[in-house]
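Please open the structure in your viewer and keep the selection tool at hand.

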Amino acid sequence: MATEFSLRHEFRASGPAAVFRAYFDETLAAEEDRRVDVVKREVLAVNDDGAVLHRRSRCVPRRQLPSFLRWGDAELSYTEELTWRRAEDRIELDVRPSLFTTRIHGTTVYRLAALGPGRVERTLDGIIEVSLPVIGRRIERAIADDLQRSLEIAATCTQEWLDQHDV
């Protein structure tokens with residue numbers, strides 16, 4: 001099973017570099033996390049050689065799984081592996097939850113492209129795979145729907161940041 005998704009958003013910005021500055025701004029990231037109910041984000045590793053930035057983070061959402069789906073007091077979190085290929089204006093994201101790590105997996109490619117003066121398009125293409133019989137497809141769809149909601153909120157935050165900082 002796998003659920004594919006594709007999301008597009010146009011920003012008012014001077015160019016892709018401005019949107020990437022926003023993406024990596026710590027204050028903006030904290031505000032986006034607050035608005036989408038990520039209660040904790042911890043950077044575990046960063047490697048930046050100038051051409052490629054690789055960052056691994058652990059994130060804890062406010063919403064937790066029902067107790068019957070958890071073992072003991074296990075907290076739901078997810079690990080996000082981010083690879084930014086600067087020359088390609090592209091970020092690859094690989095996300096795995098702390099529970100069902102071998103059964104749930106998501107990948108996303110985040111691209112930016114200048115559309116013209118003051119216009120930048122963000123494209124996100126991804127796949128969510130849940131290898132759980134009977135309920136896997138439903139979980140994939142729920143994750144995709146939640147991701148779309150979260151990305152719309154993040155786009156609003158990003159545009160607010162760009163309106164203030166990309167002058």
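The stops below concern helix packing and aromatic rings.

The model is predicted, so local features need pLDDT of at least 70 and side-chain atom pairs count only at pLDDT 80 or more, while totals for chains, interfaces and linings use all residues. Residues are numbered from 1 along each chain as its sequence is written, and side-chain values use heavy atoms, with hydrogens and water left out.

**First stop: H1 and H3**

Select helix H1 (residues 16-23) and helix H3 (residues 136-165). Helices (H or I, at least four residues) and strands (E, at least two) are DSSP runs, numbered from the N terminus. Two packed helices are described by the angle between their axes and the distance between the axes. Here the angle is about 115° and the axes are 10 Å apart; axes are lines fitted to C-alpha atoms, for helices over the stretch in contact, and angles run from 0 to 180 degrees between N-to-C directions. H1 is therefore roughly perpendicular to H3 (a term for angles of 65 to 115 degrees).

Next, display the side chains of Ala18, Val19, Arg21 and Ala22 in H1, which meet Thr158, Trp161 and Leu162 in H3 (contact means heavy atoms within 4.5 Å).

**Second stop: H2 and H3**

Now select helix H2 (26-35). H2 packs against H3 at an angle of about 145°, with the axes 9 Å apart. Leu28, Glu31, Glu32 and Arg35 in H2 meet several residues of H3, including Ile153, Cys157 and Trp161.

Which residues form one aromatic cluster? Select Phe20, Tyr23, Phe24, Trp84 and Tyr110. Rings of Phe, Tyr and Trp (its six-membered ring) pair if their centres lie within 6.5 Å; planes under 30 degrees apart count as stacked, over 60 as edge-to-face and the rest as tilted. By this rule there are five aromatic pairs.

Look at Tyr23 and Tyr110: their ring centres are 4.9 Å apart and their planes stand at 65°, so the pair is edge-to-face. Tyr23 belongs to H1 and Tyr110 to strand E6 (residues 104-116), so this pair ties together parts 87 residues apart in sequence. Tyr23 is partly exposed, at 23% relative accessible area, whereas Tyr110 is buried, at 6% (buried means under 20%, exposed over 50%, partly exposed in between, with a 1.4 Å probe and protein chains only).

Finally, select Phe24 and Trp84, whose ring centres are 4.7 Å apart with planes at 20°, so the pair is stacked. Phe24 is partly exposed at 22%, and Trp84 is buried at 13%.

Note on methods
Angles under 35 degrees count as roughly parallel, over 145 as roughly antiparallel, 65 to 115 as roughly perpendicular and the rest as oblique.
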